[in-house]
Amino acid sequence: MRLFAAVVPPGDRLDELGRVVDRLHRLPGADGIRWTSRPGWHLTLAFMGEVGDELLPELRVRLERAAHRTPAFSLRLHGGGHFGRRALWAGVAGDLDTLRLLAERSDAAARRAGVPMDEHRGYRAHLTVGRARGEGVPLGSFVEELDAVEGARWQVTELALVRSNLPVSGVRGERPRYETVAAWPLEGREGRSG
Ligand code: 2AM
């Protein structure tokens, strides 16, 4: 199955972002963007791609350990931007050091469980809200609104393992469905090293 480790913001924080994205939907050119599905909004920590069932037990043990060692921390949605000429995202501020530590530990957990992790991009925390349907869609007005995002703080208390179910219907524009398959509490039971 296709898996990634993620932080899932609580519903009220996603509602705040939802109100910004509602405004984006009303801007000229919004039809040129494929908007991501709100129930699936998340911050990816480590993308694993296809993971064989035989690796799952070890992956769960390793991710649980990563969560056990990492303390809860606070984040807020803050600013936004675009990657290339397609992806529109909201960013985060707050305890980014711990977010990065959790991302590194999730990546290391997957590698140690035998996941190749060869699709890995450099880590940059973001929550993708939409992707332009083509390279010619002007993104400026969307980026301007996203850049002004200022959400309230929340406490990140869990590491989630999320399954991405890619659309199989062949219907154009159908979006992946995300399903949290497991989540472990952040406990900060060990020092920050390693
Ligand atoms: P994106 O939002 O920037 O596309 C599920 O696909 C999640 O994993 C998404 O958040 C997606 O990031 C991320 N993802 C998909 N492919 C990836 C890759 N090759 N490397 C890192 N993250 C990836």
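Let me start with helix α3, residues 96-112, which lies across β1, β3 and β8 and runs at about 15° to β3. What you see on the screen is a predicted model.

In general, strands of a sheet pair through backbone hydrogen bonds, either parallel or antiparallel. Which of these do we have here? The pairing is antiparallel, and the four strands form an open sheet in the order β3-β1-β8-β9. The edges are β3, residues 43-50, and β9, residues 177-185; each has a single partner strand, so one side of each has no neighbour in the sheet. On average, neighbouring strands are turned by 20° against each other, direction ignored.

Strand β1, residues 2-7, runs antiparallel to β3, and six bridges join the two. Ala6, for example, has Thr44 in β3 as its bridge partner.

Helix α2, residues 56-69, lies across β1, β3, β8 and β9, and its angle to β9 is about 55°.

Next, the ligand. How many residues surround it? Ten do, and the closest are His42, Thr44, His126, Thr128 and Arg131. For His42, an N or O atom of the side chain is 2.7 Å from a ligand oxygen. Arg131 also places a polar side-chain atom 2.7 Å from an oxygen of the ligand. Taken alone, the ligand exposes 480 Å², and the protein buries 85% of that.

Terms used
Residues numbered from 1 in each chain as written. Predicted model: local features only at pLDDT ≥ 70, side-chain atom pairs only at ≥ 80, totals over all residues. Heavy atoms only, no water. Pairing = 2+ DSSP bridges. Axes fitted to C-alpha atoms, helices over the stretch in contact; angles between N-to-C directions. Contact = heavy atoms within 4.5 Å. Near = heavy atom within 4 Å. Polar contact = N/O pair within 3.5 Å; in protein donor to acceptor, adjacent residues only side chain to side chain. Areas by Shrake-Rupley, 256 points an atom, 1.4 Å probe, with all protein chains shown as cover.
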